[in-house]
Amino acid sequence: MRRALALALILLPLAACGKGKQDQPRAPQFPRNKDGFPLPARPVASIVETAYSTEAARDKLDEARAVMDKAGIRRGMTVADIGAGEGYYTIRLAARVGADGRVLAEDIVPDVRDQLAERVNRERLDNVSVRLGDPANPRLPQNSFDRVLMVHMYHEVAQPYEFLWNVRPALKPGGELIVVDADRPTFRHGTPPRLLECELKAVGFEPVNQREMPSAGGYLATFMAKGERPLPQAIRPCDADGKPL
């Protein structure tokens, strides 16, 4: 009888310990790519065109000047134009930053990149470099940019968390990420501001301000990197409504 009682007393804490381990809540699991970054939990728009309007029409609305003014782009700055397309912003950024500044223009479509390179050579823009980007990593040189500009292209980024994670080190201290987009669902070629803020916060960007930009077909949002860059496995995605999952 004593032996049975002693055995029961030994097994009781072991059983309780096992139960506690089994009932312990597990960390949320999200679909991730091969590098550990979460996949977007909302639609990604397809790349259908390199410009949403003609340059003459955009200049008539004073689009580029208004965006560059609100983004605080000045002479002597170094700016990355991501998703540069046919170069509407690239050309105007080159003029704004001047001979003492630099513009790096990227696009992920080889033919578009080649056309832009030809235009830059034709217009003799010595302060502009053109390169082919990568859908998940723009491969920007670290600590190099006062501004990284993404105009009407964020909704087309297939791996937004990995892409943004790779953008962070490219900014200089005090540098800013500028996103211009339309306030509509991503499948309609826009990004709701709440969704944009949620996804950028997930990789350590904090909002600075957001301004309506009717001339650019939507809004302009400014972000700065804050704190340590999270590990890919620690990044939690956002749903289509801009709520963390």
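1. Is helix H4 (residues 88-97) largely enclosed by the rest of the structure or largely open, and why? In this predicted model, helix H4 is largely enclosed, because eight of its 10 residues are buried. The buried positions are Tyr88, Tyr89, Thr90, Ile91, Arg92, Leu93, Ala94 and Val97, and just after the helix Gly98 adopts a positive phi of about 75 degrees.

2. For the overall layout, the protein chain contains seven helices and seven strands, which follow one another from the N terminus in the order α-α-α-β-α-β-α-β-β-α-β-α-β-β. Of the 245 residues in the chain, 48% are buried, and among contacts with a separation of 6 or more, 73% join residues 24 or more positions apart.

3. The largest nonpolar core has 32 residues, with Val148, Leu177 and Phe205 making the most contacts inside it. Two or more residues of this core come from each of strand E1 (78-82), strand E4 (145-151), helix H6 (160-167), strand E5 (171-181), helix H7 (193-202) and strand E7 (218-225).

4. Phe205 deserves a look of its own: when its neighbours within four places in sequence are left aside, Phe205 is in contact with Leu164, Val167, Arg168, Leu171, Leu177, Leu200, Phe223, Met224 and Ala225. Among these partners is Leu177, itself listed with Phe205 among the residues with the most contacts inside the largest core.

Technical notes:
Residues are numbered from 1 along each chain as its sequence is written. This is a predicted model: local features need pLDDT of at least 70, side-chain atom pairs count only at pLDDT 80 or more; totals for chains, interfaces and linings use all residues. Side-chain values use heavy atoms; hydrogens and water are left out. Buried means under 20% relative accessible area, exposed over 50%, partly exposed in between (1.4 Å probe, protein chains only). Helices (H or I, at least four residues) and strands (E, at least two) are DSSP runs, numbered from the N terminus. A nonpolar core is a set of buried Ala, Val, Leu, Ile, Met, Phe, Trp, Tyr and Cys residues joined through side-chain atoms within 4.5 Å. Contact means heavy atoms within 4.5 Å.
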